[in-house]
Structure formats: C-alpha cells, structure tokens
Amino acid sequence: MAEIGKDIEKAKFLLVNGDLVAIPTETVYGLAGNALNPEAVALIFDTKNRPAFDPLILHTSSIERVEDFVSYFPTRLRILAESFWPGPLTLLLPRKPIVPDLVTSGLDRVAVRVPNHPLTLTLLESLDFPLAAPSANPFGYISPTKPEHVDAQLGGKIHYILDGGACEVGLESTIVGLEEDEIVIYRLGGLEIAEIEKLVGPVKIKDHSSSNPQAPGLLESHYAPRKPFILGDLKLLIKENLEKKTDFSVLSFSDFFAGVSFNNHIALSPKRNLHEAAKNLFSAMRKLDEGSASVILAELLPEEGLGRAINDRLRRAAVK
Ligand code: TXA
Ligand code: MG
C-alpha cells in the first residue's frame, strides 16, 4: 500500500530524488517522474509494465516552460494552448534534444500538456524539471480517476499518491498535432472536437488503431476490464443473458433495467449528462470489473460531444 496524502513537499522530495509519485490531474491520475532523468523515466515504464515503444506525455506548468522542450510552436497549436491550457489538451510538438529519447520512444515529436489541477500545478511550479506521466494504471487496464484506484494496482510499487480527490473530467486528454497543414486528433479525449474546431477550423480524426505508428499507445484493445465486456442493445443483451442464466452486470448511460440487481447495475448519468457520464465512466468500469458478476453488458452513448470519446473507450474495452 502506498501512502495517500496532500503533502506537496513530500511529493517534491521524492521526485527530486528520482522516485515516482502518482499525481492528480483533471483527466486521470498520472504516474509521474522527472522527465529529464532517464532512470526515473525507465522506472515509469517498469512500474506500469509499459512497452518502451509507447511514448510519455511531458507535463509542465505553463506555455513558457513548454518552450524549453520544443523547437517550434506552430501558430494554430499555440492558439489551442493559449485557449485550453491548463486543461485536457495534449499537443505533439517538435522536440528539443534536451528531451530524453525514452520519453518520446525515439519519435521526433514530444507530447506536452499543462494539466488543470491546483495541487499538481503547484507541484510543477516548484520543480525545475517537467514531469513525464502516463496514466497511473498497469499497461492496458482502465485509467485511475481516484487515489484508491492507483493504490489498488500500483500501491505495492510506489511510495506516495498525491490526493487530489476524484478527477473532474474523467477521460484522458485529447491529443492534437499538425500534419502538413492539417490539424489532426490522435486521441479523442476530455476536450471536445467542437471546441477545437471553433478556433482552428475542421480537424482530421486519425483512426488510432494498432496499425497507426504515430500514436503507438493507442492500441485497439485498451482501457480493458479483465472480465468480458460486451457492447450492444442493453434490452436485448439483458433478455438473452437472463434466459441463459449468466451472472452479469450492466453499465448503462441513464436507464435502469428490470431484472438486474441494484448492486450489479450502474447508470453513468441518470440525467443523460455527458460530462457526468465521462466523470463516472472509469470508476464504474472498475467497480463492475471488481464485482461478483462474470460478464459486463454495456451500451454506447450518443455519438456527440464527449460521447465520442466515451464511446471510443467503451469500444476499446470491448475488444478482446
Ligand atoms: O490525460 C492524460 O493525457 C493523462 C494524464 C496523466 O495527463 N495521461 C495519459 O498518458 O493518458 P498515457 O501515457 O496513458 O497516454 C498517452 C498517449 C499514449 O497513447 C502515447 O502513445 C501517446 O499519448 N503519445 C505520447 N507521446 C507521443 C508522441 N511523441 N507521439 C505520438 N503519440 C504520443
Ligand atoms: Mg494510459
């Protein structure tokens, strides 16, 4: 078990000494280490069981600090940074040599973001190095949105979890870059596409499957519970599984269905609010994965706004 607390000085001490600390952000908890210290970065990969070909996001406290690590900041991406940082946006920018190869997995671009969480911003401001931080979960599993989630899986491997409560957004950051002259979204996330398009015009969404070498981490099967996770029309799925007498649980958008015990049933947002659904998603997936039922039945949400990013996660959770 790791210690869970709000002691920024303690977090700083550990990080300065090459250790890792789990940090809160508005999206999900991150597993942070000194991004300029290759040994600390290697420890991140180790602790998560993450393959070295899957690069990490560099976290800093301001646009000015990002300039230390990128050789060029295209105007349209800068506009996004100025509008949405601190916030759930990650930009892929050409890196300076100071960024260790291990952070970018040898790619020419480095992923950077300024997270929006008061504790973590204070911590970042107090450090003279940026933090490399992937989501604080074992590779391929559901991202953590509460300190207890981190502790449940990585508690035996790290010393300290900075407690920032439940993550407000609940989905990872939206990853954006430029290809030739086109704005490209590499991962749908907590910042909606419409917000981005309002400022920079139409964007291209790259199908980030396992075959996309630009974002190797965005594998088809990801965010995956251990139990079978089946997506479809819940009414039909429930009927079928009641007939088969399967021991199942249900993850719905807003409705509760007859015949399913209360313990095994989570509605992400009874009011049908996509922000609330996003905030609850990973925590609900975990709860059902840890529950007694052997199969999780789920449905897609409306394919609009944050619903697109939520559906992306649900589809990946369903891939076996
Ligand atoms: O919201 C978030 O982004 C959270 C919090 C902790 O900041 N972090 C996060 O990190 O989700 P991670 O490592 O779980 O996912 C980062 C994704 C990976 O799929 C990785 O492949 C992609 O970003 N990525 C990172 N650096 C990249 C690069 N240089 N080029 C292409 N893709 C990159
Ligand atoms: Mg992750």
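## Sheet order and ring contacts

Strands β5 (residues 89-94) and β6 (residues 109-113) run antiparallel and are joined by 4 bridges, with P94 standing opposite R109 in β6.

Within strand β8 (residues 160-162) lies I161, which is buried at a relative accessible area of 0% (buried means under 20%, exposed over 50%, partly exposed in between, with a 1.4 Å probe and protein chains only).

There is 1 aromatic pair, counted when ring centres of Phe, Tyr or Trp (its six-membered ring) lie within 6.5 Å, with planes under 30 degrees apart stacked, over 60 edge-to-face and the rest tilted. The rings of F73 and W85 have centres 6.5 Å apart and planes at 65°, so the pair is edge-to-face.

A charge sits over a ring if NZ of Lys or CZ of Arg is within 6 Å of the ring centre and within 35 degrees of the ring normal:

| Charge | Ring | Distance to ring centre |
|---|---|---|
| R78 | F73 | 4.7 Å |
| R226 | Y141 | 4.4 Å |

Residues are numbered from 1 along each chain as its sequence is written, while chains are lettered from A and ligands numbered from 1 in the order written. In this predicted model local features need pLDDT of at least 70, side-chain atom pairs count only at pLDDT 80 or more, and totals for chains, interfaces and linings use all residues, while side-chain values use heavy atoms, leaving out hydrogens and water.

Notes:
Helix = DSSP H or I, 4+ residues; strand = E, 2+ residues; numbered from the N terminus. Pairing = 2+ DSSP bridges.
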